[in-house]
Amino acid sequence: MSIDTDRTVESTTANGSDLGASLSVKDLRIAYGEVEAVKGISFDIRPGEFLTLLGPSGCGKTTTLRCIAGLEPASGGSITIGDTVVAAPGKHVQPEKRGINMVFQSYAVWPHMTVARNVGYGLKGVSKQEADHRVEEVLELVGLAPYAQRYGTELSGGQQQRVALARAIVTRPKLLLFDEPLSNLDAGLREQMRFEILELQRAVGITAVYVTHDQTEAMSMSDRVVLLRDGLIEQADTPREMYRRPRSEFAATFVGRANALPATITGSRDRAEVHGIPNPVVAAEAAAGEGASVAAVFRAENVKAGAEAEGLENAWSATVTRFGYLGRTLDVQYAVGDHEVRGELAPDTPLTPGQAITIGVAATDVHFVPRAEA
Ligand SMILES: Nc1ncnc2c1ncn2[C@@H]1O[C@H](COP(=O)(O)OP(=O)(O)O)[C@@H](O)[C@H]1O
Ligand SMILES: [Mg+2]
């Protein structure tokens, strides 16, 4: 459902180019009774930035978003939107006073109302003329102008999602919150809507907090990604940094396809022993000290095979255990000692199950990160 904005705390211009507010979340805690769903998280968002909260189901994404919206009380910490503290110990600003709006997975488009009325419904306290003008403007923005007089029942899933978007921005919020808005759409439309949402967000200049469990969505849309795990931040970074330099085994394996071999730092800090593999694994950068338990992480696409693997700092005798044709690549699984290693090869690489092969990964593609607890 849409939440009306409080026009008294808004400062917008007619072209809406300075709509975005900053958002600051500090040591936020949210409890349901005895259970703490969010255990102290902090992040800042710049005006106009697109930030995604990413993580597996149950990690606290929706709870955090609802708390920013004012639909859930904070049990600790603070939330500041622009210059206004909206949540802090002893303080809870009502949702409709926060200058925000939300887009959900279910579009909640009223079937018995036209598109124009659906979009204009939340506009209160403005003249009919101004309301009509704004509705026209946003329908143009989301490409629904020709459908203004259609009824909710006469719209496709994608069009309903656009109505939901139009309804969320027509009130000119300073902050737009999205909770898995594309989960109900089929794959092709989902991809198209990603770009549409981004274009719209950029055009309006609004600040966005987007929640998803889909790493592709997070990577392709966001200025920055906050990866959550069990109510805590695992890593907050740009998509590129998150991919290139995961800070933990969880981050490495949740985003993209990665290997994580359990290892122990030995002798030199850029080397680690992996049980059952004769040579130590070499990384380009030093890690924790001697004896530390780490995971040696490296991405599937960086695992070379055959001639390409010879001469790499890390080269192992492996056996092909299975492979699958994915069109653009071959998804390959190898056995190295008693470990499984995932790789990717060119789609036309000739392979047979059980084949002995040398595989390798460059030291620059290996990172040592703290080992995840079992
Ligand atoms: N209304 C509620 N009452 C009790 N526990 C809840 C409630 N809503 C969510 N939770 C719990 O809080 C945790 C985080 O939930 P949620 O924020 O919905 O996760 P996500 O959106 O990341 O899938 C989960 O363990 C969930 O079971
Ligand atoms: Mg959720």
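**Briefing: strands, ligand shell and loops in a predicted model**

Strand 17 (residues 314-325) and strand 20 are antiparallel partners, joined by six bridges. Two strands count as paired if DSSP finds at least two bridges between them. Strands (E, at least two residues) and helices (H or I, at least four) are DSSP runs, numbered from the N terminus. This is a predicted model, in which local features need pLDDT of at least 70, side-chain atom pairs count only at pLDDT 80 or more, and totals for chains, interfaces and linings use all residues. Residues are numbered from 1 along each chain as its sequence is written, while chains are lettered from A and ligands numbered from 1 in the order in which they are written.

**Confidence and domains**

- pLDDT is the predictor's confidence in each residue, from 0 to 100.
- The chain has a mean pLDDT of 91, and 95% of its residues reach 70 or more.
- Over residues 1-17, pLDDT stays under 50. The model has 38 contacts beyond four places in sequence for this stretch. A contact means that the C-beta atoms of two residues, placed from the backbone, lie within 7 Å.
- Where pLDDT is low, the predicted coordinates should not be read in detail.
- The domain assignment gives domain 1 (7-242) and domain 2 (257-370). Such bounds come from an automatic or database domain assignment.
- The centres of domain 1 and domain 2, taken over C-alpha atoms, are 40 Å apart.

- Five strands form an open sheet in the order 14-13-12-15-21, with antiparallel pairing.
- Strand 14 (281-282) and strand 21 (367-370) stand at the edges of this sheet. Each has a single partner strand, so one side of each lacks a neighbour in the sheet.
- Within the sheet, three bridges link strand 12 (residues 258-266) to strand 13 (residues 268-273) in the antiparallel sense. I265 stands opposite A272 in strand 13.

**Around ligand 1**

- The residues around ligand 1 are Y32, V35, A37, G55, S57, G58, C59, G60, K61, T62 and T63. Each has its C-beta atom, placed from the backbone, within 6 Å of the ligand.
- Strand 2 (35-45) and helix 1 (61-69) are the elements that give two or more residues to this shell. Helix 1 gives the most, with three residues.
- By class, the shell has four nonpolar, six polar and one charged residues. Ala, Val, Leu, Ile, Met, Phe, Trp, Tyr, Cys and Pro count as nonpolar; Asp, Glu, Lys and Arg as charged; the others, Gly among them, as polar.

**Helix 1**

- A residue is buried if 20 or more other C-beta atoms lie within 10 Å of its own, exposed if 12 or fewer, and partly exposed in between, with C-beta atoms placed from the backbone.
- Seven of the nine residues of helix 1 are buried, so the helix is largely enclosed by the rest of the structure.
- The buried residues are K61, T63, T64, L65, C67, I68 and A69.
- G70 follows helix 1 and has a positive phi, near 90 degrees.

**Positive phi in two loops**

- E180 is a residue other than glycine with a positive phi, near 45 degrees. E180 lies in the loop between strand 8 (175-179) and helix 5 (187-204). With 19 other C-beta atoms within 10 Å, E180 is partly exposed.
- D230, in the loop between strand 10 (224-229) and strand 11 (232-237), has a positive phi near 50 degrees. D230 is partly exposed, with 15 other C-beta atoms within 10 Å.
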